[in-house]
Amino acid sequence: MADVLDLTQGIIDGSVEVIDMTAPLHANTPILQLPPEFGQTAAFELEEISAYDERGPFWYWNNFRTGEHTGTHFDAPNHWVSGQGLDDVSQVPVERLIGPAAVIDCTAQVDADSDYCLDVDDIKAWEEEHGPVPDRGWFIFRTGWSSRGDDPDAFANADENGPHTPGATPAAAKYLAEETNLLGWGVETVGTDAGGAMGFDPPFPCHSMFMGAGKYGITQLRNTHLLPATGAVIIAAPLPIVTGSGSPCRVIALVNRA
Ligand code: MN
């Protein structure tokens, strides 16, 4: 077993690169917009308490308000009805926040079709080339969608029929959630399902299958292109909101550069 201090030494000497996969949190961070009959999540808001002034002469600080599912965030099993009664975000064991990354590159398919959905054949082809998806790993859907992340309209990519963003088919979601020992599924888009997934059978298959299997989701990832197909480690660190369904999350990847 390697000494954990080897990791810090690797970071210092550059043989381990630390990659931030997190989108910045601010008032324009894209959030999910549901049809108007449903409850809506709050955008990120910062309220200044003091800034080295009469309200607090020596200190600067803020209050913030936001939905649990804002920006780069973590979906806990209890987020979905299929995972009702399973772990809330504070109950997810910390060792299950860290795992190897398997990255599938579907950038070309998504460039050609914004509604592109990962299918079982894509996963089988990936496994043919790279081996089985890793035990206790994160399966990362690289789409290039994060390049739209500073433009909420382009990120949502909605028309009169709703949002057009990539995701996974019900069969692919079922395969990854039920036939593997993954920790979860990570995406670049606003949520773990395709924009059109309300109309899938079942609706929102990634949420339904992954949460139902006690697995997790991480969203609005950036810099997926800096990760190799295998060999990186991802740390996804949500806040331990007691009873919470998720949390904004710092996601960090460690990549060998030696
Ligand atoms: Mn979510």
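H69 is buried, and D75 is buried too. Buried is under 20% relative accessible area, exposed is over 50%, and partly exposed lies in between, with a 1.4 Å probe and protein chains only.

Bear in mind that this is a predicted model, where local features need pLDDT of at least 70, side-chain atom pairs count only at pLDDT 80 or more, and totals for chains, interfaces and linings use all residues. Residues are numbered from 1 along each chain as its sequence is written, and side-chain values use heavy atoms, with hydrogens and water left out.

Now the metal. H69 (ND1), H73 (NE2) and D75 (OD) coordinate the manganese ion, at 2.1 to 2.2 Å. Along the chain, these donors are spaced H-x3-H-x1-D. Donors here are N, O and S atoms within 2.8 Å of the metal, or 3.2 Å for Na, K and Ca; water is not among the atoms, so the site may look incomplete.

Next, the backbone. Most residues other than glycine have a negative phi, and most peptide bonds are trans. Here are the exceptions I want to show.

Y52 is not a glycine, yet its phi is positive, about 55 degrees. Y52 sits in strand β2, residues 45-53. Helices (H or I, at least four residues) and strands (E, at least two) are DSSP runs, numbered from the N terminus. Y52 counts as exposed, at 57% relative accessibility.

N157 also has a positive phi, near 50 degrees. N157 is in the loop between α4 (152-156) and β8 (158-159). Its relative accessible area is 23%, so N157 is partly exposed.

Last, the D201 to P202 peptide bond. That bond is cis, with omega near 5 degrees. P202 belongs to the loop between β11 (184-186) and α6 (205-212).
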